[in-house]
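Work through the exercises below with the sequence and the model open. Each task is followed by its solution.

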Amino acid sequence: MAGTTSPETPNGSAPALRRIPGPDAATVAGRRTDGGPLVDLLTRTRERAGGVAAVPLGPRPTVLVTAPDAVQHVLALRPDQYVKRSHRARLLIGDGVLSATGDAWRRQRRLLQSQFTGRGMRRYETRIDAAADAAAARWAELARTGAEFDVGGELRRYALDTIWRSLTGHPLDDTTEHELGALAVVAAALPGLPADGTAARDTVAAELDRIDTVARLAVAAARDDGPGPEGPGLLHVLLEAGDNHPEYTDRLIRDELVTLLVAGHETTASTLTWLYLLLDRHPEAREQALAAGPAGSPERHRAVRAIVQETLRLYPSAWILPRYATVDDDLTGYPIEAGTDLLVCPYLTHRDPALWPDPERFDPGRFLTPGGRPAHPASYLPFGVGPRACLGLQFALRETTVLLERLLPAHVPMFRGVPTGAEYGITVRPDGPCPATLA
């Protein structure tokens with residue numbers, strides 16, 4: 001079964017989903033917390049059985065979806081039939097917009113969407129610029145002193161500063177940064193937590209308490225002291241909703257705040273870290289971007305954006321998107337029964353050689369050359385597609401590009417060691433620190 005085709009059996013009936021041999025029960029039950037065996041299994045399934053295929057993952061029927069036509073069908077055309085049954089991060093984000101469903105999701109999405117498009121987005125551009133200026137100043141000092149630092153940690157600070165300013169109107173302070181380190185701890189622990197909810201919460205109780213304390217203090221400050229020095233932020237939008245809509249309880253405001261913190265910094269930090277690791281192996285990409293045009297020119301902006309886009313192709317923010325079939329359906333010619341779990345996997349769609357020639361090669365030119373990328377809208381979906389696509393797409397692209405336009409001309413990290421693999425959790429991130437000095 002290839003890419004987007006749907007062969008029929010001789011009598012014209014819908015074909016059965018192809019299957020490959022699965023791991024033994026102990027392997028499935030004891031998957032490493034980095035998700036490695038799952039990724040290996042999904043990769044083998046796509047290679048051997050095609051873009052819509054059954055995956056042997058325990059007693060429930062599970063289908064891997066990577067073919068663009070099928071991806072679009074599930075995520076964009078039939079989102080009410082293929083739904084989120086639960087979210088891996090619910091323990092952390094509660095009923096925030098990422099995990100909400102039905103009418104609650106529509107209501108929450110509507111409120112936040114206005115903040116990430118048009119006039120709403122312009123409100124946060126100056127805060128992104130201020131966070132990028134602060135990061136550039138830190139990098140300049142690191143270059144002056146020759147101090148070794150963790151590139152991933154520094155980029156995480158930038159991303160967290162950006163979303164914190166956008167939420168509260170305040171720059172990120174050292175105490176808040178330290179306490180919000182608990183977000184990364186919980187996010188990394190999620191794949192390996194016990195299935196029992198109480199046991200899972202007990203495992204990371206201390207970190208959840210730290211996160212709740214930061215959220216509680218931020219809400220209290222916004223209520224008592226008003227907007228921060230950079231003006232009202234997303235948190236003030238949530239508080240205003242709480243004044244006018246009873247469903248926006250203090251708990252839901254906390255959940256939305258934590259959701260925005262997680263989604264607003266973890267994905268960006270991972271993307272930027274991968275980008276610098278890729279540039280370390282492909283320094284010509286940096287040189288080509290800088291040579292595309294002078295600082296501030298549209299030509300350089302497009303070239304830098306292309307580096308970001310190619311990084312997101314190899315390491316998409318949303319690497320896997322679980323869905324649940326609520327009704328029987330025909331998925332591009334393959335029968336799907338109600339009750340089936342589906343795993344839409346942008347990570348594998350982006351590495352399909354039928355869509356992306358030489359898919360493992362890092363080539364930002366794919367996004368600069370006419371015809372360099374596939375035309376199908378669901379062949380490139382680092383932030384998802386359809387009504388549940390990431391709200392912060394434009395925000396994330398702007399904050400990454402703005403920072404790189406400041407840093408790329410001035411600094412080249414000289415890595416003292418690089419991670420040897422990836423961890424597949426909420427995001428795909430390097431599996432270790434990235435110590436470096438700045439040239």
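Contact means heavy atoms within 4.5 Å. Axes are lines fitted to C-alpha atoms, for helices over the stretch in contact, and angles run from 0 to 180 degrees between N-to-C directions. Helices (H or I, at least four residues) and strands (E, at least two) are DSSP runs, numbered from the N terminus. Two strands pair if DSSP finds at least two bridges between them.

The model is predicted: local features need pLDDT of at least 70, side-chain atom pairs count only at pLDDT 80 or more, and totals for chains, interfaces and linings use all residues. Residues are numbered from 1 along each chain as its sequence is written, and side-chain values use heavy atoms, without hydrogens and water.

**Exercise 1.** Find the strand order of the five-stranded sheet, then the helix lying across β1, β2, β3, β5 and β8.

Solution.
- Step 1: The order in this open sheet is β1-β2-β8-β5-β3, with mixed pairing.
- Step 2: β1 (52–54) and β3 (82–83) are its edge strands, each pairing on one side only.
- Step 3: β3 and β5 (residues 321–325) run antiparallel and are joined by two bridges; Val 83 is opposite Tyr 324.
- Step 4: The helix is α3 (residues 68–77), at about 120° to β8 (341–344).

**Exercise 2.** Describe the three-stranded sheet.

Solution.
- Step 1: Its order is β4-β12-β9, and the pairing is antiparallel.
- Step 2: The edges are β4 (149–150) and β9 (413–415).
- Step 3: Three bridges link β9 with β12 (residues 435–438), and Phe 415 has Ala 436 as its bridge partner.
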